[in-house]
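Let's look at aromatic rings together, one step at a time. Have the sequence and the 3D view ready.

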Amino acid sequence: GNISRQEAVSMIPPLLLNVSPHHKILDMCAAPGSKTAQLIEMLHADMNVPFPKGFVIANDVDNKRCYLLVHQAKRLNSPCIMVVNHDASSIPNLQIDIDGKKEVLFYDRILCDVPCSGDGTMRKNIDVWKKWTTQNSLQLHGLQLRIATRGVEQLAEGGRMVYSTCSLNPIENEAVIAALLDKSQGALELADVSSELPGLKRMPGITKWKVMLKDGQWFEEWKDVPPNRQTQIRPTMFPIKEEEKLKAMNLERCLRILPHHQNTGGFFVAVLIKKSPMPWNKRQPKINQKLPQRTGDTVETVTNLDEGTENITEEPALAENEESKKMQNLQKPDTEQSKKEGVCGPPPSKKMKLFGFKEDPFVFLPEDDPLFLPIQKFYALDPSFPKMNLLTRTQEGKKRQLYMVSKELRNVLLNNSERMKVINTGIKVWSRNSDGEQFGCAFRLAQEGIYTLYPFIHARIINVCIEDVKILLTQENPFLSKFSNETQKKVKDMAMGSIVLKYDPDPEKPDSLQCPIVLCGWQGKTSLRAFVPKNERLHYLRMMGVEVFKAKRKEEESEGKTEEEVECKQAQLEEGMDVEDKKHDSVTKMEAETGEESPNAPVESSAMEIECKTVDLEEFSKNANNHVS
């Protein structure tokens with residue numbers, strides 16, 4: 001779609017994280033991705049910096065919802081986002097290479113928006129009225145505490161973690177925070193954010209509450225719970241009784257936002273700051289040596305690498321030990337060879353079966369790859385261009401797409417291929433055009449990555465005026481004669497092939513569009529065309545005050561196109577099918593033979609290729625307020 005909707009109060013947690021462009025960020029329960037999108041925008045606060053030093057790792061336990069997360073994140077076209085698929089309560093520690101040494105990755109900011117009962121959404125979610133019981137919170141409390149605990153373990157000292165729910169039940173909120181603060185033994189503190197977000201109406205956190213069972217029984221203290229109920233109710237669900245300890249926790253620093261305050265949903269937010277290592281992790285893990293060899297000693301190896309391993313790994317069953325040893329010994333040579341070649345494969349197949357789809361590997365281009373030289377020459381790329389950050393998703397055959405990630409994400413990918421399941425990362429910057437070699441380069445520019453690439457491109461750039469931009473975005477195959485004289489002169493001496501079309505605003509014309517636009521295009525012998533996704537075309541045209549799509553839809557209906565055909569076409573565009581590339585190849589071949597451009601030119605897809613994967617959107621909408629797998 002063209003619009004992303006987000007509850008106003010759900011925008012608060014990312015704002016309270018105080019993100020800077022250099023921060024390493026973990027979003028533990030990220031799907032469907034609206035808060036992740038906020039975090040990416042904060043990383044790119046300075047649009048003149050194509051590669052911020054920070055990055056966002058967005059995680060979700062549900063494999064299908066991860067693809068919804070990818071779809072949401074791809075709209076922002078950032079090389080600094082990675083989507084991974086893990087249980088947040090046992091998400092593995094990652095390693096990064098710092099000056100040739102392996103060190104554990106600690107995050108500067110962590111967003112812990114945990115699964116919750118969702119009773120704060122009762123205004124908009126009718127299911128809450130039908131299905132809500134006190135049992136929901138009792139069942140989720142343990143999971144919420146485990147996720148929050150795993151989060152603070154991976155937080156850097158001095159870092160900030162925001163814990164949030166769309167629930168108002170203290171068992172899901174203050175009880176979790178109190179239990180976390182209690183077992184941290186002073187390593188954590190609640191931040192006072194009363195001066196942040198001025199104008200936001202809020203209530204302080206509460207310090208007294210009771211626990212209620214589904215049948216209506218109330219309990220004030222753990223000692224009152226009968227033995228047969230002690231599996232449903234746990235000690236951490238009750239408020240702290242010691243006055244001094246309770247006062248030191250400062251639970252009133254939590255934020256409670258009630259629906260009537262600002263005519264929103266109900267929400268709870270707590271901001272935690274890590275002052276020192278957690279008491280059970282006083283000895284920070286040392287990973288300065290080489291990666292341990294993969295043998296049957298699985299548990300021992302992971303224990304040396306990960307913090308808080310009590311919830312991370314389970315010892316394999318005895319019957320499976322021999323088989324796992326054989327598999328690991330077989331995989332070991334391939335793994336070592338892959339690392340040498342810059343290949344980031346998926347985790348072991350035995351683990352992958354738990355999560356669904358098998359992912360293609362991430363293969364970084366070698367420094368001496370002959371594929372890159374023609375690209376560099378054709379577009380006159382700057383010597384500072386980070387070509388080592390280019391990757392593909394195939395090890396064999398022709399490389400159809402080239403993607404790009406930041407230097408920091410490259411470090412994460414290369415050092416964690418065996419312990420992390422990556423669903424998607426990087427932005428598409430070039431697409432193969434099978435007949436493009438005769439024009440000097442086999443790869444054409446992709447609109448998705450043009451704003452990242454543009455600062456490094458020094459050739460094949462055409463500056464166009466606002467009227468030329470309107471023609472490019474409203475006509476699929478405009479002849480050169482329709483453009484301004486200046487544009488025609490610039491194009492005249494330029495060879496056919498992929499080009500960059502740049503619009504710079506004129507400060508002397510304040511009524512015209514006052515933001516720069518960079519478009520990917522294709523120059524034929526007699527015409528000039530923009531390759532821009534339809535949604536992006538619509539966005540730019542609206543910015544310029546032009547609305548043409550209503551009329552176009554009417555034309556489509558008058559031509560007898562059914563709704564199914566239109567929906568099918570939109571679905572193809574959104575999924576980024578390779579059909580587009582094949583169509584473009586055939587169009588280019590036709591131009592080469594006839595010197596003209598086909599009127600049936602395809603519009604480039606804006607979504608990253610997700611091959612052989614289907615997403616049940618109805619299931620997502622039904623489970624939008626419930627993250628639990």
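**Reading aromatic rings**

Trp-430 is buried, with a relative accessible area of 0%. Keep in mind that this is a predicted model.

Q: What describes a pair of aromatic rings?
A: Happy to start there! Two things describe such a pair: the distance of the centres and the angle of the planes. Take Tyr-379 and Trp-430: their ring centres are 6.1 Å apart and the planes meet at 40°, so this pair is tilted.

Q: Where do Tyr-379 and Trp-430 lie?
A: Tyr-379 belongs to helix H12 (residues 372–379) and Trp-430 to strand S19 (residues 427–432), so the pair ties together parts that are 51 residues apart in sequence.

Q: Is Tyr-379 buried or exposed?
A: Tyr-379 is buried, as its relative accessible area is 0%.

Q: How many aromatic pairs are in the whole structure?
A: A search finds 7. One of them joins Phe-51 and Phe-456, a tilted pair with 6.2 Å centre to centre and 40° between the planes. Phe-51 sits in the loop between helix H2 (34–43) and strand S2 (55–59), while Phe-456 sits in the loop between helix H14 (450–453) and strand S21 (461–463), 405 residues apart. Both Phe-51 and Phe-456 are buried.

Q: Which residues form one aromatic cluster?
A: The cluster is made up of Phe-51, Phe-372, Phe-378, Tyr-379, Phe-385, Trp-430 and Phe-456.

Q: Which ring has the charged end of Arg-444 over it?
A: That is the ring of Phe-531, with the charged end 5.2 Å from its centre. Arg-410, in turn, lies over the face of Phe-364, at 5.0 Å from the ring centre.

Terms used: Residues numbered from 1 in each chain as written. Predicted model: local features only at pLDDT ≥ 70, side-chain atom pairs only at ≥ 80, totals over all residues. Heavy atoms only, no water. Phe/Tyr/Trp six-rings, centres within 6.5 Å; stacked < 30°, edge-to-face > 60°. Helix = DSSP H or I, 4+ residues; strand = E, 2+ residues; numbered from the N terminus. Buried < 20%, exposed > 50% of the residue type's maximum accessible area, 1.4 Å probe, protein only. Lys NZ or Arg CZ within 6 Å of the ring centre and 35° of its normal.
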